[in-house]
Each structure stands twice: as structure tokens, then as C-alpha cells.
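Please open the structure in your viewer and keep the selection panel at hand.

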Number of protein chains: 2
Amino acid sequence: MAKPKAARVKLLDAALALIRERGFSAMTVDDLCARASVTKGAFFHYFKSKNELGVAAAEHWSAVTSAIFERAPYHTPKAPLDRVLAYIAFRRALLRGAIPEFTCVVGTMVQETYAQHPDIRDACAASIFGHAGTLEDDIAQAMKQHDVSADWSAEGLATHMQAVLQGAFVLAKAKNDVSVAIESIDHLRRYVELLFRSRPKRIARR
Amino acid sequence: MAKPKAARVKLLDAALALIRERGFSAMTVDDLCARASVTKGAFFHYFKSKNELGVAAAEHWSAVTSAIFERAPYHTPKAPLDRVLAYIAFRRALLRGAIPEFTCVVGTMVQETYAQHPDIRDACAASIFGHAGTLEDDIAQAMKQHDVSADWSAEGLATHMQAVLQGAFVLAKAKNDVSVAIESIDHLRRYVELLFRSRPKRIARR
DNA sequence: AGAAACATACCAACTGGTTGGTATGTAAAT
DNA sequence: ATTTACATACCAACCAGTTGGTATGTTTCT
């Protein structure tokens with residue numbers, strides 16, 4: 001027999017796929033159960049409501065993605081600026097396959113739910129800004145090393161990077177073509193390079 | 001009695017509001033009719049289906065917004081770069097009031113419909129990229145004047161600017177706070193300044 | 001150790017309200 | 001006298017959520 005709680009995980013994985021394909025509102029509980037090969041009884045055993053599943057899906061997304069980013073190779077460069085640029089390169093490299101395979105679940109979901117379902121919105125915000133937070137240290141170190149004392153903060157730049165990525169996804173969906181997203185990420189890389197190259201380096205490295 | 005076709009316009013205006021508040025999928029035809037103070041008969045007199053209304057709403061949004069942008073004051077500066085920067089300042093200034101009052105209808109709608117309703121997706125794409133197109137000339141002129149011969153194009157930068165704006169909206173919804181969006185637009189302004197200031201000006205103006 | 005009591009993990013059938021859409025009507029404009 | 005611009009009444013399909021179960025552990029009592 002399958003492990004206990006198998007249905008819950010299958011439902012959450014199905015939710016990630018369906019939200020990326022159709023969005024949260026258009027995804028029905030029946031769709032979800034069919035995709036997960038589970039009955040409706042199982043769904044309501046694990047989730048009190050569709051909204052509660054929305055929150056759980058955002059948390060599941062956070063768990064899945066943070067595992068990917070923790071193990072990703074962009075942490076290895078010694079210079080903090082190089083880690084930031086490697087992150088951008090990594091995000092660029094992730095844009096492979098069909099659109100629902102690389103777009104952001106919580107970015108999609110929050111657009112539909114922010115006003116009607118504050119708990120889902122907050123779970124999405126935690127996912128996005130939590131991920132942005134993982135970039136702050138590298139950016140702050142790069143700012144120090146390059147003597148950047150600007151009117152912007154490490155937190156603000158990390159957030160802006162997420163904005164560019166989210167916007168790139170929206171445009172890719174509209175054009176039904178990844179290449180616009182890639183172009184935007186290239187602009188983001190250029191921006192970060194310009195931000196740090198416009199100032200002299202404190203330590204001559206590389 | 002009210003003018004003929006009044007119901008159509010009322011329905012389209014209601015659609016713009018409801019899509020911004022709840023998204024396209026969560027907006028029902030009954031919602032729409034109630035908001036527009038119109039009966040369902042009127043709705044299906046003007047639109048064959050909800051999807052067709054989606055397409056019409058995107059086109060209506062294009063018409064409404066292009067009228068605003070045409071009359072906006074950012075076209076007056078003589079230097080093309082200043083017009084581009086004035087556009088960014090104008091977009092920044094538009095971020096007033098509650099979130100559904102400044103976010104983008106087609107950016108929201110396309111995220112939910114891109115895979116299921118290609119005609120809506122295409123109408124949204126036409127709106128976004130059509131608007132981006134209105135910026136290309138100014139950017140191209142600025143590139144010429146500042147001797148920028150880069151590995152990016154006027155079209156690409158115009159598109160990137162829309163990506164930043166769309167992403168800013170997503171993040172504002174997630175955080176339920178405009179300020180993240182403003183911060184991102186400030187980063188966009190800084191990027192454009194850096195792009196053109198890193199090259200010498202051909203003509204000393206301003 | 002064995003039985004009783006309880007909890008967990010599901011499943012299939014059902015329900016009441018909602019949804020997009022239709023069928024039919026009517027008053028006004030052309 | 002048509003066509004246009006709506007309104008009213010209605011429907012079949014669909015939807016989130018419920019009900020009442022079964023099968024399989026796990027814990028507790030004796």
C-alpha cells in the first residue's frame with residue numbers, strides 16, 4: 001500500500017501544476033482530484049476548503065523552490081557580486097520548456113487572490129519575499145566590497161530582481177514565447193553590472 | 001432614456017474594475033451585470049460569451065489607456081531621453097489610491113487565460129506590446145543622440161520597461177502595499193539613466 | 001497478550017446553490 | 001416595419017462542500 005499522506009502530497013503537486021496552467025480560480029477541486037488520482041473525499045480530508053489548499057500550495061511551493069535554490073550552483077563564486085550575477089544567470093537558465101514549467105505559482109496565484117483571500121495573499125508574499133531575502137546578504141556584501149553607498153538598499157534591489165522576474169513571466173505568457181523573458185533578465189543582469197561597475201572596487205579581485 | 005450602447009460601455013467598464021479586483025475567472029457574468037446595473041439579456045446581446053467579453057475588455061482597456069498616455073505630459077521634453085525618463089516618472093505618479101485602481105487589467109487577465117483562451121491572450125499581448133511600441137521611437141532617438149550602439153534594442157528596452165511595471169504590480173498585490181512598486185520603478189529609472197550616461201552625449205543639450 | 005476503543009486515511013454518492021448560456025418577449029429607434 | 005436594444009424567465013451543467021461509509025493502523029485497558 002502507498003504511504004500515508006501520499007494523497008496530500010499528490011494533491012499539492014497537482015495544485016502547483018494546475019495553478020500554473022489555469023490559475024487558482026479556474027482550477028476546480030474536481031480537476032485537482034482527477035490530476036492527483038485521488039477522490040474528493042481525500043481532498044476534504046486534508047483541506048478544509050479550496051482556499052486552505054491555496055495557502056498550503058503556496059507553502060509547498062516555498063518548500064520545493066527553496067530546496068532547489070539552496071542546492072543551486074550560484075552560491076559557489078567567492079566574490080559576492082559574482083554570486084548575485086550567477087543567481088541571475090541561474091534564473092535565466094531555468095527558463096526552459098513550456099511556459100507552465102518555469103513560471104511562478106505564487107506570482108500567478110496572488111494576482112487573483114490578493115483582494116479576496118488575504119491568507120493566500122500572505123502565503124504568496126511570504127514565498128516571494130522570503131526568497132528575495134536569501135539574496136540580501138550577497139548583495140549587501142557586494143555593496144560593501146564595491147564601496148556602493150547608494151540611495152537604494154540590498155533589500156530593495158533583491159525585491160526589484162523579483163519584480164523583473166515576475167514581470168518577465170507575465171510578458172512571456174502574453175507573447176506565448178520565452179524570449180521576452182530572457183531579454184528582460186538580460187537587462188536585469190546589465191543593470192546589476194552597471195550598478196556596481198559605476199563605482200570603483202574596494203578590493204581588486206579577479 | 002440613456003443612449004443606445006450605454007449598456008455595452010457600462011459592461012466593459014465594470015469588467016475592467018472586476019478583473020482588477022478579482023481576476024477574470026473569478027468574475028461571473030452575474031457580477032458583471034450587477035456592477036453595470038444591466039440585465040443578463042443585455043450582456044448576451046452584446047457579447048456571445050464571457051470569453052468574447054474578455055477580448056473586448058482587453059481592447060477597451062487598450063483604448064482607455066492609450067487615450068490617457070497620448071494626452072499625458074511626458075511627451076513635451078525636447079530631449080528624447082528626457083521623454084523616456086518623464087514616461088517613467090509618469091508611470092510612478094500613476095501609482096495612487098488603492099491597488100485595483102492602478103494595476104494593469106491585461107497583465108492580470110493574461111496570467112489566467114494565456115493557456116486556455118488564446119484569443120484573450122492575444123488581445124492582452126496586443127495591449128501590452130502595443131503600448132510598449134509607443135516608447136520605441138523616443139528610446140531609439142535617445143540611443144542615437146547618446147551614441148549608444150549596444151547589444152540591446154529600443155524595442156527590447158521598451159518591453160523590459162513593461163516587464164518591470166508588470167512585476168511591480170504583482171509585488172504590490174502580494175505585499176498589499178504600493179511602496180514596493182514605487183521602489184522598482186525607481187530602479188528602472190536608475191537603469192535607464194545608467195544605460196545612457198555610461199556613454200558620452202553626441203549633442204550637448206538640456 | 002489480546003481485545004476493545006479510537007484515530008487516520010481514504011472513498012463514492014449526493015446536494016444545494018451557482019454558472020454560463022438560451023429562449024422569448026417588448027419598447028424604442030431608424 | 002424591421003432592426004436594435006434591451007428585459008424576464010428559465011435551464012442544464014458544474015461547483016465547493018457534505019455525508020456516511022470502509023480499511024488500516026495505533027493506543028489503551030485488562
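**The interface between the chains**

Begin by selecting the residues of chain A that touch chain B: 49 residues of chain A are in contact (heavy atoms within 4.5 Å) with 48 residues of chain B. The model is predicted, so local features need pLDDT of at least 70 and side-chain atom pairs count only at pLDDT 80 or more, while totals for chains, interfaces and linings use all residues. Residues are numbered from 1 along each chain as its sequence is written, chains are lettered from A in the order in which they are written, and side-chain values use heavy atoms, without hydrogens and water.

Together the two chains bury about 4,200 Å² (accessible area lost on being put together, 1.4 Å probe, summed over both), with 64% of it on carbon and sulfur atoms.

Now display A:Arg190 and B:Asp151. They form a salt bridge (Lys or Arg side-chain nitrogen within 4 Å of an Asp or Glu carboxyl oxygen), and their closest N and O atoms are 3.4 Å apart. The count between the chains is two salt bridges.

**The nonpolar core**

Turn to A:Phe196. Not counting residues up to four places away in sequence, its contacts include A:Leu81, A:Ile139, A:Met143 and A:Trp152. Finally, select A:Ile139, A:Phe196, B:Ile139 and B:Phe196: in the largest nonpolar core, which has 156 residues, these touch the most other members. Such a core joins buried (under 20% relative accessible area, 1.4 Å probe, protein chains only) Ala, Val, Leu, Ile, Met, Phe, Trp, Tyr and Cys residues through side-chain atoms within 4.5 Å.

How values were computed
Buried < 20%, exposed > 50% of the residue type's maximum accessible area, 1.4 Å probe, protein only.
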